[in-house]
Amino acid sequence: MLVALAWRNLWRRSQRTVLSLISIALVTALLVFMLSFQEGVYGVLKEATLRIFDGYAQLQPPGWADDPTLDRVIDHPGALARQAEGLRGVSAAAPRVNAFAILAHGARSYGAAVVGVDPARERRVSSIASMIRTGRYLATGDSDAAVLGETLARNLDLAVGGEVTVLGEARDGSVAADVLHVVGLYHSGVPELDRSILEMPLARAQDAFGMEGAANTIAVGGPSLAAVDHAVPVLRTLGHRAGVSVRDWAALEPALREGIDLKYAIAMMFYATLVVVVAFIILNTLLMSVLERTREFGMLLALGMRPGRIGAMVWIELLGLALLGCLFGLVLGGGATLWLQRQGVVVPIDPRLLAQFALPARLYPTLTPLSALFGPMSLLAAIIVGGVVPYLRVAGLTPALAMRVP
Amino acid sequence: MGARLSALIAAWLAAAVAGPALALAAPDAETILRKAYDNYRSQSSGSTVAMTIHRPAWERHLELKAWTRGQDDALVRFTAPPKDAGGATLKLGRDTWVYNPRLNQVIKLPPSMMSQSWMGSDFSYDDLAKSTDILTDYSHRLLGAAQAGGHTVWTIEATPKPGAPVVWGKVSLAIRDDYVLLEETYFDQDMKPARRMTTGKVGLISGRPYPVSMTMSPLDQPGRWTRTDTVDARFNAALPSWLFTLSNLQNPR
């Protein structure tokens, strides 16, 4: 009976109720979309950043993180990579030699990272292969080939077909020296990479740097970051047996992780403010309607209805309003998000700028249970808790006083 | 009042007498350092050195010939082992070139590489290039003098002059009264000791006391060190000027 009464009461002032519903629905929809959009953008940001060079995770020799020197090695990288590739969620594991050397061409010379890679595996882990601007990427069977960043090439005055001299220190401390032919130049949009990395065939790098078949790291790729993240515990077990450690994306790019955490924290503060403001507006409206009906409530009390029951009725009105509003909002926001999830959102930012952060020109929100339910649930909770105020007001009424209100 | 005045006068007198005496016993820090470097390098030098690079996993032995001219120019050519023989480094002023016989190429070292390890040792190219920077880019202070093995050993602290292009927070040196460098400790910008060079053996070379065996150890990486043993050295001999040229670096006469 209370529910029926509450429902009738809501529609006695239909205009006010509709307006309240709309505000709850709009805020809910906004929260659903914003959270999904953040989730989607950060997902893209993480994957795009990691895919350029790091990979979604890495196998590294112990101590590599603090002191990445050439003599910290993984001894049988091929076997370990094959084992890793056999894991669910891992589609590629690319062994690398990570050396540092002087690159010289003519009178010019620069210090740079020299990375020995297995071309077939590398292109499934890192997107440098797809960022070649001139020439081509390394291919299986290449020997004295090299690809380097456009900026590095410009600094060295090198073009495709040119010869670059590599002079560094081998694993045993002797001099490592090699001459390579440039087959391609890449442009990743990340200035540090474009000016500091040369890639060469793994076997040749192992030979030049006296690695005796060893590698320094194995970069892991998969269908998605989530899939690889899921495989990390198994990777750790595998790595433990081989005496290597596993670093997940957050360990590889701590700054990225902190940036995203910070952005979420700031956004949450904004969302919380929104929820509180809307909850107050709704409560205010309801409180007004309660005050308007004081005489009516006095009458009900005089007829023998207990104050608690009247309070409950008012609370149910509020609950019904909030539930209905959140439901509308969820449908509206979820629907819009799902639609944009397929269409993509064109960001009104210069695509070249986005490319610098490895972001595509079109961004896609990702509707997850969390992003869909977090907004509605927190709004609902805020309104229900806030409903204590009108409840207490009504519960404190006495028939004589209430009926005397003009 | 009278007692205090006389005490002051006494102290002043004591200082006036002791001052010159102290100066006689211990010349100022810069002079000590300059003499130590003169003893080490002179106007010119030519030496034969054995270098041992020690790592937890391995140890390498190299042999080299080194020539220096003035304070800025140096040529180092490796003679053994065969894998490294022929490789050479030439330093003229602030510029450094490396010659690799396998590539038959001379490569000018980019400035960003100067702090990198030289030939895989615990010395950097900077050590080769900036060996006399301690004289020019630092201000020096004599911290104290101690007696050890029948010698006075001076401790000198060198702090970078404002704006000097140096990476160290400070350098502390121990120099014997016959101007033999005994120890050199490099402190990082946080004033934590980062690496130390110690003289293991002092011997007579060309008639002068000389730090024959010196070991450089990075203090944050135990089990790593590089020792140089000077086998033979000649000082102040006239060196031909073609020695310190790029063409001689690539095609030694």
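Visitor: Which residues touch the most other members in the largest nonpolar core?
Guide: This is a predicted model, in which local features need pLDDT of at least 70 and side-chain atom pairs count only at pLDDT 80 or more, while totals for chains, interfaces and linings use all residues. Residues are numbered from 1 along each chain as its sequence is written, and chains are lettered from A, with ligands numbered from 1, in the order in which they are written. A nonpolar core is a set of buried Ala, Val, Leu, Ile, Met, Phe, Trp, Tyr and Cys residues joined through C-beta atoms within 7 Å, where buried stands for 20 or more other C-beta atoms (placed from the backbone) within 10 Å of the residue's own, exposed for 12 or fewer, and partly exposed for counts in between. Of the 93 residues in this core, those that touch the most other members are Ala84(A), Leu103(A), Ala146(A), Ile218(A) and Val220(A).

Visitor: Which element gives the most to this core?
Guide: Elements are DSSP runs numbered from the N terminus, helices being H or I with at least four residues and strands E with at least two. With nine residues, the element that gives the most is S2(A).

Visitor: What is the radius of gyration of chain A?
Guide: Chain A holds 16 helices and twelve strands, and its C-alpha atoms fill a box of roughly 100 × 45 × 30 Å along the principal axes. The globule rule (2.2 Å times the number of residues to the power 0.38) is set against a radius taken over C-alpha atoms. For 406 residues the rule gives 22 Å, and chain A is more spread out than a compact globule because its radius of gyration is well over that, at 31 Å.

Visitor: Are helices H2 and H10 of chain A roughly parallel or roughly antiparallel?
Guide: The axes, which are lines fitted to C-alpha atoms over the stretch in contact, with angles from 0 to 180 degrees between N-to-C directions, come within 11 Å and cross at roughly 175 degrees for H2 (residues 14-52) and H10 (residues 254-292). Angles under 35 degrees count as roughly parallel, over 145 as roughly antiparallel, 65 to 115 as roughly perpendicular and the rest as oblique. The relation of H2(A) to H10(A) is therefore roughly antiparallel.

Visitor: How many residues of chain B are in contact with chain A?
Guide: Two residues are in contact if their C-beta atoms, placed from the backbone, lie within 7 Å. Chain A brings 16 residues to this meeting, and the number from chain B is 21.

Visitor: Which elements give two or more residues to the side of chain A that touches chain B?
Guide: The contact joins 16 residues of chain A to 21 of chain B. The elements that give two or more to the chain A side are strands S2 (92-105), S3 (108-117), S6 (163-169) and S7 (175-186).

Visitor: Which residue does a cis peptide bond join to Ala80(B)?
Guide: The omega of this bond is about -5 degrees. The partner of Ala80(B), placed in the loop between strand S3 (73-80) and strand S4 (88-92) of chain B, is Pro81(B).

Visitor: Is Glu212(A) buried or exposed?
Guide: Glu212(A) sits in the loop between helix H7 (202-208) and strand S9 (217-221) of chain A, and has a positive phi of about 50 degrees although it is not a glycine. Because Glu212(A) has 11 C-beta neighbours inside 10 Å, it counts as exposed.
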